[in-house]
Amino acid sequence: MTSHADHSPTTHHQALIVVDVQRAFVRGDGALPEAERLVDRTAELITRAREAGALVVHVQNDGPAGGDDEPHTPGWELHHPVDTGRGEVVIRKTHDDAFQETSLESVLTTSGVRSLAVCGLMSEMCVQATVRTAVELGYRVVLPYDAHATYDIPAEPGISAVVPAAVVSRVAAWPLSRDADVTARAADVGFTAPGPTVP
């Protein structure tokens, strides 16, 4: 599945970006079809990143008023606890792209990060947009296929039947594999502590 000759999914990455793993999307009636798998894999990545001393960035979407992820509602809360004692960071956003109008690039630069892993949701929206910008900014990026997920696309008369979530995720990851590593398993992603910042 990996297609970029200069990159290896087993490279030890210096940061983990956890995109929008919020309670509204992984718990209760509104959860993703593959929510249990997603939270298991993202928890696994967070644990390994912490053990290696890599930077962990939790991205939190600020949804619209009345939305499932409206700020300061139960659904908006992050599913995974943030370990601020380890220097973990929360980046709040209002766009799909976690870099757009946020401090994410500054946080990565200040920490000396040049390579990162991205996981979370939704595959075709916030995950894809964040990976694209990370690549454009020159980061070495890996996207573990079993650590991102999304919803089914509903049927649309005259256009298509329901598109299963797994298909949507596969299609979302496919174009990213030209410039980033799309590896099958989160278990294959390694981490290391960021190096010193170069002036």
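1. Leu32 lies in the loop between helix 1 and helix 2. In this predicted model, the residue is buried, with a relative accessible area of 4%. Its C-alpha atom is separated by 6.1 Å from that of Thr150, although the two residues are 118 residues apart along the chain. When neighbours within four places in sequence are left aside, Leu32 is in contact with Phe25, Leu38, Leu121, Ala149, Thr150 and Tyr151.

2. Pro64 is found in the loop between strand 3 and strand 4. Is Pro64 buried or exposed? With a relative accessible area of 56%, Pro64 is exposed. Leaving aside neighbours within four places in sequence, Pro64 is in contact with Asp69 and Glu70. The C-alpha atoms of Pro64 and Thr94 are separated by 8.7 Å, and these residues are 30 residues apart along the chain.

3. Asp69, a contact of Pro64, lies in the loop between strand 3 and strand 4. Asp69 is buried yet has no salt bridge. Which side chain of opposite charge is nearest to Asp69? It is Lys93, at 7.0 Å. Apart from neighbours within four places in sequence, the residues in contact with Asp69 are Gln22, Phe25, Asn61, Asp62, Gly63, Pro64, Gly75 and Trp76.

4. Lys93 does have a partner. Lys93 forms a salt bridge with Asp20, and the closest N and O atoms are 2.9 Å apart. Lys93 lies in strand 4 (residues 89-93), whereas Asp20 lies in the loop between strand 2 (15-19) and helix 1 (23-26), so the pair ties together parts that are 73 residues apart in sequence. Both Lys93 and Asp20 are buried.

5. How many salt bridges does the structure hold? There are nine. Asp62 counts as buried, at 17% relative accessibility, whereas Arg92 is partly exposed, with a relative accessible area of 39%.

6. A salt bridge may also lie within one helix. Arg48 forms a salt bridge with Glu44, the closest N and O atoms being 2.8 Å apart. Because the two residues are four residues apart in helix 2 (residues 35-52), they are separated by about one helical turn. Arg48 is partly exposed at 23% relative accessibility, and Glu44 is partly exposed with a relative accessible area of 24%. Arg41, Glu44 and Arg48 are linked in a network of salt bridges.

7. The whole structure contains one aromatic pair. The ring centres of Phe99 and Tyr139 are 6.3 Å apart and the planes meet at 25°, so the pair is stacked. Phe99 lies in the loop between strand 4 and helix 3 (104-110), and Tyr139 in the loop between helix 4 (123-136) and strand 6 (140-144); the pair therefore ties together parts that are 40 residues apart in sequence. Phe99 is buried, with a relative accessible area of 11%, and Tyr139 is buried, with a value of 4%. Arg114 lies over the face of Tyr139, at 4.5 Å from the ring centre.

8. The nonpolar interior deserves a separate point. In soluble globular proteins, nonpolar side chains tend to be buried together. Here the largest nonpolar core has 26 residues, and those with the most contacts inside it are Ile17, Leu104, Leu108, Leu116, Val118, Val131 and Val141. Two or more residues are given to this core by each of strand 2, strand 3, helix 3, strand 5 (115-121), helix 4 and strand 6. Helix 4 supplies the largest share, four residues.

9. Ile17 illustrates the contacts around one member of that core. Not counting residues up to four places away in sequence, Ile17 touches Val57, Val59, Leu104, Leu108, Leu116, Ala117, Val118 and Cys119.

Note on methods
Residues are numbered from 1 along each chain as its sequence is written. This is a predicted model: local features need pLDDT of at least 70, side-chain atom pairs count only at pLDDT 80 or more; totals for chains, interfaces and linings use all residues. Side-chain values use heavy atoms; hydrogens and water are left out. A salt bridge is a side-chain nitrogen of Lys or Arg within 4 Å of a carboxyl oxygen of Asp or Glu. Buried means under 20% relative accessible area, exposed over 50%, partly exposed in between (1.4 Å probe, protein chains only). Rings of Phe, Tyr and Trp (its six-membered ring) pair if their centres lie within 6.5 Å; planes under 30 degrees apart count as stacked, over 60 as edge-to-face and the rest as tilted. A charge sits over a ring if NZ of Lys or CZ of Arg is within 6 Å of the ring centre and within 35 degrees of the ring normal. Lys and Arg count as positive and Asp and Glu as negative; His and the chain ends are not counted. Contact means heavy atoms within 4.5 Å. A nonpolar core is a set of buried Ala, Val, Leu, Ile, Met, Phe, Trp, Tyr and Cys residues joined through side-chain atoms within 4.5 Å.
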